[in-house]
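These entries record what I looked up in the structure.

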Amino acid sequence: MTFRSIPPAVLASFFLVLLPPRYHCSSVPPISLQDFRPLLQKLADFSPDPCGPPYGRERDWHSADVENPLFEQAGNFVEQELNATRPETISPQDRTTESLKKLERLSAEINASWPDENRFHFQILNLPPALVLKITIRSHARFFVFGVPEEISGQPNRLWRRVGSDDESFEHESPSSWLELYPLHRGTSGNARFLAEFGYTGCAGSSGVVYDAREWNPRGLGDLDQVIKQEGAFGLDDKVPGFAQVGKLRTEGALITLPYCWFSSLDTWDNPSLCAVDTYDTSGDNLKFRSRAYNRPDLVPIAKAIEYAQRRDYPAVLSYCVSGEVARKMVRGLPPFVFAGDLRVTRTGSGKESVALGDPPAYHFHVEKHGGRWRVVAFSAD
């Protein structure tokens, strides 16, 4: 059986049917400012911060059923206001700002008992021909992206659409989240790019971080691509003895750097010890990973080998060891959970170290630098 090619206009019409209802302007009921009033009133029953006073109210941790509809409604409201008839002299950014200022005032009225920082607020990153909107309420944050696809259903288009939003608010539900937006260098095509730094934490302890970079291409039906995603963590502070963090967040220019840490078997308390900084080249149409630097490259092979040994992944362990014998001993001898507790590193020669984990020491490693790369050369367990 043979298949005939489908004309692009027909294919575009088919995919339009699959799009969410908000893409069909005629089917979306107009949103008025007063539609937000019941949502803000419901939120007023919660504490402004689930980790703040009054303590002990478990219900304050479970507000997503109220917050998410508010975020979504605000995103739809902005799309509507961007497409409302206004004088051409009013920019899309000013239109959005004018509309959301009204919503801020409504939140200030209804949520008057809350600290100002916990009421509804917004920030706009203007990246013509796109707008990125950051919204915060209580102790949570989200972003939405708006653009004008060149065509809809095979016809030229001039209407704004909500073309994407963050994923992290659903993948990392937590009592508190925060968000920072940064414009990124445009490639040779000139497509708008930005980086979202998304953080999340509980009421105490360390925090997680996700770097999420997107690129908006308005050609054809339009496409919002995720071009970078890197997850990590940060501790209570950056003062882990012997494990200074490496690199700084840099988003300007063609080369950007993203610092982060991660929890591993080498941690000695509720702070991730191992850290890295990734460098990306944004000069071309395709973002390219350039390099990764570690704060302790001598200890990375131990942490990685332990991680893969616990999964019984011999080939992966072998890539961090100098021999198959060492890799097999680790795969066979390490339990599912290893925590350093007490970590002792002793220099035994040029490019040579002895490392003991546990209190009292239960695991012993020897690492050496071979051809510019550190590897595990010996392993034993008490």
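**Entry 1: the aspartate.** I began with the neighbours of Asp298: leaving out residues up to four places away in sequence, Asp298 touches Glu353, Val367 and Trp374, where contact means heavy atoms within 4.5 Å. The model is predicted, so I note that local features need pLDDT of at least 70 and side-chain atom pairs count only at pLDDT 80 or more, while totals for chains, interfaces and linings use all residues. Residues are numbered from 1 along each chain as its sequence is written, and side-chain values use heavy atoms, with hydrogens and water left out.

I placed Asp298 in the loop between strand S13 (288-294) and helix H6 (300-310); helices (H or I, at least four residues) and strands (E, at least two) are DSSP runs, numbered from the N terminus. Is Asp298 buried or exposed? Asp298 has 6% relative accessibility and counts as buried; the classes are buried under 20% relative accessible area, exposed over 50% and partly exposed in between, with a 1.4 Å probe and protein chains only. The side chain of Asp298 also makes a polar contact with the side chain of Arg296 at 2.8 Å. For this term I used N or O atoms within 3.5 Å; within protein, one must be able to donate a hydrogen and the other to accept it, and residues adjacent in sequence count only if both atoms are side-chain atoms.

**Entry 2: disulfides.** I counted two disulfides, taking cysteine sulfur atoms within 2.5 Å as the criterion. Cys51 is joined to Cys203, S to S 1.9 Å. Because the torsion about the S-S bond of Cys51 and Cys203 is about -80°, this disulfide is left-handed. Cys51 lies in the loop between helices H2 (37-43) and H3 (64-83), and Cys203 in the loop between strands S8 (192-201) and S9 (207-217), so the pair ties together parts 152 residues apart in sequence.

The other bond joins Cys261 to Cys275, S to S 2.1 Å. This link of Cys261 and Cys275 is right-handed, with 90° about the S-S bond. Both Cys261 and Cys275 are buried, whereas Cys203 is partly exposed at 40%.

**Entry 3: the open sheet.** I traced four strands forming an open sheet in the order S1-S2-S3-S6, with antiparallel pairing; strands pair if DSSP finds at least two bridges between them. Strands S1 (121-127) and S6 (161-165) stand at the edges with a single partner strand each, so one side of each is left without a neighbour in the sheet. S3 (residues 140-147) and S6 pair over four bridges, and Phe144 stands opposite Ser165 in S6. Helix H4 (residues 92-110) lies across S1 and S2, running at about 175° to S1. Axes are lines fitted to C-alpha atoms, for helices over the stretch in contact, and angles run from 0 to 180 degrees between N-to-C directions.

Entry 4: Glu67 lies in helix H3 and Arg138 in the loop between S2 and S3, so the pair ties together parts 71 residues apart in sequence. Glu67 is buried at 3% relative accessibility, and Arg138 is buried at 3%.
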